[in-house]
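Let us walk through this structure together, one step at a time.

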4 protein chains.
Amino acid sequence: MIVHLKPNIPAAKIDELAVANQAIRFHDGTRDVLVLPSKIQTLPESLKPVADESFATKTDIQLASKEYSSHKRSITIGDVTIGGDSMNTMMIAGPCSVESREQVDQVAQLIKELNIKTFRAGCFKPRTSPYTFQGLGEEGLKILADARDKYSFNIITEVKDSSHVDLVIEYADIIQIGAKAMYDHSIGKRCGQTKKPVLLKRGFGTTLQEFVQAAEFILSGGNPNVMLCERGIRTFETQTRFTLDLCGVAFLKEYTNLPVIVDPSHAMGYRYGVADLTRAAIAMGVDGLLVETHPTPEKAKSDASQQLNLDEFRKMYGTLQPIAQAIGHKLI
Amino acid sequence: MIVHLKPNIPAAKIDELAVANQAIRFHDGTRDVLVLPSKIQTLPESLKPVADESFATKTDIQLASKEYSSHKRSITIGDVTIGGDSMNTMMIAGPCSVESREQVDQVAQLIKELNIKTFRAGCFKPRTSPYTFQGLGEEGLKILADARDKYSFNIITEVKDSSHVDLVIEYADIIQIGAKAMYDHSIGKRCGQTKKPVLLKRGFGTTLQEFVQAAEFILSGGNPNVMLCERGIRTFETQTRFTLDLCGVAFLKEYTNLPVIVDPSHAMGYRYGVADLTRAAIAMGVDGLLVETHPTPEKAKSDASQQLNLDEFRKMYGTLQPIAQAIGHKLI
Amino acid sequence: MIVHLKPNIPAAKIDELAVANQAIRFHDGTRDVLVLPSKIQTLPESLKPVADESFATKTDIQLASKEYSSHKRSITIGDVTIGGDSMNTMMIAGPCSVESREQVDQVAQLIKELNIKTFRAGCFKPRTSPYTFQGLGEEGLKILADARDKYSFNIITEVKDSSHVDLVIEYADIIQIGAKAMYDHSIGKRCGQTKKPVLLKRGFGTTLQEFVQAAEFILSGGNPNVMLCERGIRTFETQTRFTLDLCGVAFLKEYTNLPVIVDPSHAMGYRYGVADLTRAAIAMGVDGLLVETHPTPEKAKSDASQQLNLDEFRKMYGTLQPIAQAIGHKLI
Amino acid sequence: MIVHLKPNIPAAKIDELAVANQAIRFHDGTRDVLVLPSKIQTLPESLKPVADESFATKTDIQLASKEYSSHKRSITIGDVTIGGDSMNTMMIAGPCSVESREQVDQVAQLIKELNIKTFRAGCFKPRTSPYTFQGLGEEGLKILADARDKYSFNIITEVKDSSHVDLVIEYADIIQIGAKAMYDHSIGKRCGQTKKPVLLKRGFGTTLQEFVQAAEFILSGGNPNVMLCERGIRTFETQTRFTLDLCGVAFLKEYTNLPVIVDPSHAMGYRYGVADLTRAAIAMGVDGLLVETHPTPEKAKSDASQQLNLDEFRKMYGTLQPIAQAIGHKLI
């Protein structure tokens, strides 16, 4: 149960009530909020004097639920707004990893040319083997920050474990929590203490319920700017790298109040299907897309098979705006 | 290995060569064809004198492969053509099951009003429990045939086991092989003996490789008119009925020469996501769509939760043509 | 709801009541039985005068449920009894396919030597490709029948579609319904009309609920002799052929009244793990095991990688009886 | 490729060679070791002068592979030894979470009574919702340490993210890395810097290949004491909490040199199947078992449905030694 408190309740009193009700407390910008376990379906007596409004939800999807707020949250990053009434679909593009200053610059020029406003690249790579490229770390973050200064776009980059979450928060405009880090509460809680937008990727073995519950760790810390990113789940089918779960996207749109982003690159794992899946996602009216592109994919240090080269990306990008318009959206 | 034989080889000689090479033989309308096991990668000596052309493939996807024919097959049903160079997307719509003459008529009027050319409804239902509605059987087929006469559309209906395959072939314009019957070779082989178009649904636990191999049972019988239908696979995610595998659709488009149909209704299992997923599939440029609609879904005898009512269907349908046009397709 | 009828109700009356209550009727050897849809939780008025006893179940697992009969069913095949109070575990062994009279004879000698009482081999193979060995058909059945005459064991062989179900029923002592044929109701209903024991394999994409519901098709036809066989489900893990679901076996033991058989060979797909998994299954106290063995596995026409050679089988078999005894069972 | 270096190579030289060959270096107690990417299949020229022995492996499973060492590693924790030639199966038992000093004491008495040598309980709980019990943290660790002093057993407890890895290393005799933390390299690398034994749980969406690769992060840090724990994978079957992958256990036994532990409690998720699955795992000859037990499971703050009560545990435990003996093992 979510409880909006009346104004001017003393902090010590709120703490006391939070402990007594096993609740998490935070300030949502407008008011103090307590979140009780979801099995509490009626307002406890002790909270009646201080409660302004309360919201019972069917599951532990609470702050992210349509039951709490039927309106989709609006998130603004620099001059880009998604969600709310915006009808915008944000394109996020860039290479899998920062590999060098030159490589970032080559992709950045394309992003600028196409007037895309959000650039992605990873610096801390969650590789499954210790014997492969692990990313450039902070050096990569500096390369990204310089590209931002030069080209004036937003940058998004990934945190893979809690040891470098502060660094990523400092450098990035959007913090990406990777699929393998989704269950890491120390990251989630740390991201709850900032207002920087967070793109939370679904773990590939994660149910939709658990996925949104991971967002609750951030939301209940007081950061309302969370985007959910579907990037493919692991199924018995191995001809493609993962299985993009667009039924799940429909579920997230129906039952949550968070913007939804789709990453077709990681789901497909092969260049050949990325353009088609990107078009599919746009036609669903999602709030954002994340597509990998690299100057020379065959030489990429990670995800070589799935990154579009710059020409392939440009060609694909040219087909997207008409689909967005056909459903009343705008690709930005 | 597929071998095109020269003209005028005596039938007895072809039979003899087929046996000697463990090959399946059929006539494809133009020529006699032998299909040898795929591990045969070079033309056997015994076939050199009679072979016109031969095609080696990497897997037991042979007749359906792009390696055999890089051009997508064209299929014509009445005045509807899909595949080939048509750029058409065929809408197939109707209720899950034939329940009564009145129910079929109500939906048929909508289909006619929207100028949709293909009507679906099942008469033999592959239910998982013996204690639920099993379909009207041949009585249902007659109701469908009468609707076809009255409204002049094509009808498609399902065969669920080999005991009634002849009946369905007799009545239907397109034979649907259900997901649970996909591995039934006696159906596949029987459908190979007709030229009627066959819509083959992917089993929900079936890999893409096995799915296309099931089509080979039909193709190697001599029926070239096979459509592949993705309808959702079973994964760990149970908030939705199945998981629509659009990565798999991208694979089928890339590696096979067969038209691809998408069924969002069964994948989603809930009304709320069907329109979005239908739009997604169209934006991928698929050759057809299969969407369930029912006059009163809440009273339907099967699949009650996933069928759109007639107004919902009409509203959704109105949004589709612009997306089709955005990618240069036409919805028919 | 299952309803036991009083004796001496006229057949015409029973038929009338069955139709009026959408019920399936059969005679279970002792009495007439009606099975109504499971959502019926209280005895309908029309049945009160004729009902002796009634049983409501929570799901459409009705005749197979512990709610209906808390005692495990006993099944006798020749001089072998499993289930009931027997504490027997039946070993079923033999090659994947009948390939020749000599091959069957070689394995049969081993089976006889080890005093195993049940011999398996397939004649109709549910292959996924039309271009591979499809089985010897009726010729194979005759070879099996001759081996039975010579060695005095029971034989079990597979039906893969309804076109040859009568043949298999005629020849076999136990009818095996294969994993891919599990949803084929025409087979299930036909097997309901005989009393021959049926070993029903779980489809690899089939939930436990659906699996047991498939058994209901046979049970509600009047054949009480159904065994459930777990043989591996399809998961994201592909290092092994399938994933043997022993959690599912625990579920079947807890909630159903049917004997449970485990097939480690198909689950594992590789020789190296078969002995370990066989020992695991015995330690769970299952009612039977199905293990493939072949004189020369590397030359087998199907499932070459998973069949034990005769020495491997003999060696493994020697380790099993002590485990069975440790849990109070006897391997027969 | 793994390269054993000759003795007395200067550290600076080793570092230089490691960088030049993109290798990880560590000292394995006997010698300096370099691990190069697995695609390197022949010893590089630059390493020939310093190499004593080298080992090429087929995949990035290197230090854990049978190709590197065909003998299973032996691990000693206090007076308990598993792996190697020990033929021991170690029972690890205890509640899911430390809830109170009294609760720990109640279970500890049973563990002592049964002469079990390893006690488990979690202090940092990786819950999927922020609104449920998150564990007692360091207070729990102190309770565990006190129980160890009082009862003289080893304790194992879980690290769920890198923020408290140092604490867990300090208190525990065996460090458990939880299923959701398996991909967290900062934990893996930190555990590589200690010699304390590590029980690494398989992520429920993790392939066997990735699972063992996660162990490589620890092994290549220089800690040879890694145990692999199968605890159920997520599949389409939801009647049970997860699906225990004993085919995977067979794979790990065949291809890796690490001891293998099985956790039936988390896999099953329900009390009723735990005893059967424990017996199954023992019969496979695994090196250890992890079973949850709680004085009053129905009141447990986490995993209430799957923990055995003390009587159920005692009763189950009494059945295990005979099975272990039947296969020549000893349960300790």
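**How the copies meet**

Chain C and chain D meet through the same surface, because 100% of the interface residues of chain C are also interface residues in chain D. Contact here has a plain meaning: two residues touch if their C-beta atoms, placed from the backbone, lie within 7 Å.

Before we go on, note that this is a predicted model, in which local features need pLDDT of at least 70, side-chain atom pairs count only at pLDDT 80 or more, and totals for chains, interfaces and linings use all residues. Residues are numbered from 1 along each chain as its sequence is written, while chains are lettered from A and ligands numbered from 1 in the order in which they are written.

The contact between them takes 28 residues from chain C and 28 residues from chain B. On the side of chain C that touches chain B, α5 (185-192) and α6 (208-219) of chain C each supply at least two residues. The largest share, four residues, comes from α6(C). Helices (H or I, at least four residues) and strands (E, at least two) are DSSP runs, numbered from the N terminus.

**Inside a single chain**

Let us turn to chain A, which has eleven helices and 15 strands. Its C-alpha atoms fill a box of roughly 65 × 40 × 40 Å, taken along the principal axes. Of the 332 residues in chain A, 59% are buried. A residue is buried if 20 or more other C-beta atoms lie within 10 Å of its own, exposed if 12 or fewer, and partly exposed in between, with C-beta atoms placed from the backbone.

**A sheet and a helix in chain C**

Back in chain C, look for an open sheet of four strands in the order β2-β3-β1-β4, with antiparallel pairing. Strands β2 (24-27) and β4 (51-55) of chain C stand at the edges with a single partner strand each, so one side of each is left without a neighbour in the sheet. Two strands pair if DSSP finds at least two bridges between them. Strand β1 (residues 2-5) of chain C pairs with β4(C) in the antiparallel sense over four bridges. Within this pairing, C:Val3 has C:Ser54 in β4(C) as its bridge partner.

**One residue in chain D**

Finally, find D:Leu114 in the loop between α2 (101-113) and β8 (118-120) of chain D. Is D:Leu114 buried or partly exposed? D:Leu114 counts as partly exposed, because it has 15 C-beta neighbours inside 10 Å. Leaving aside neighbours within four places in sequence, D:Leu114 is in contact with D:Arg314 and D:Tyr317.
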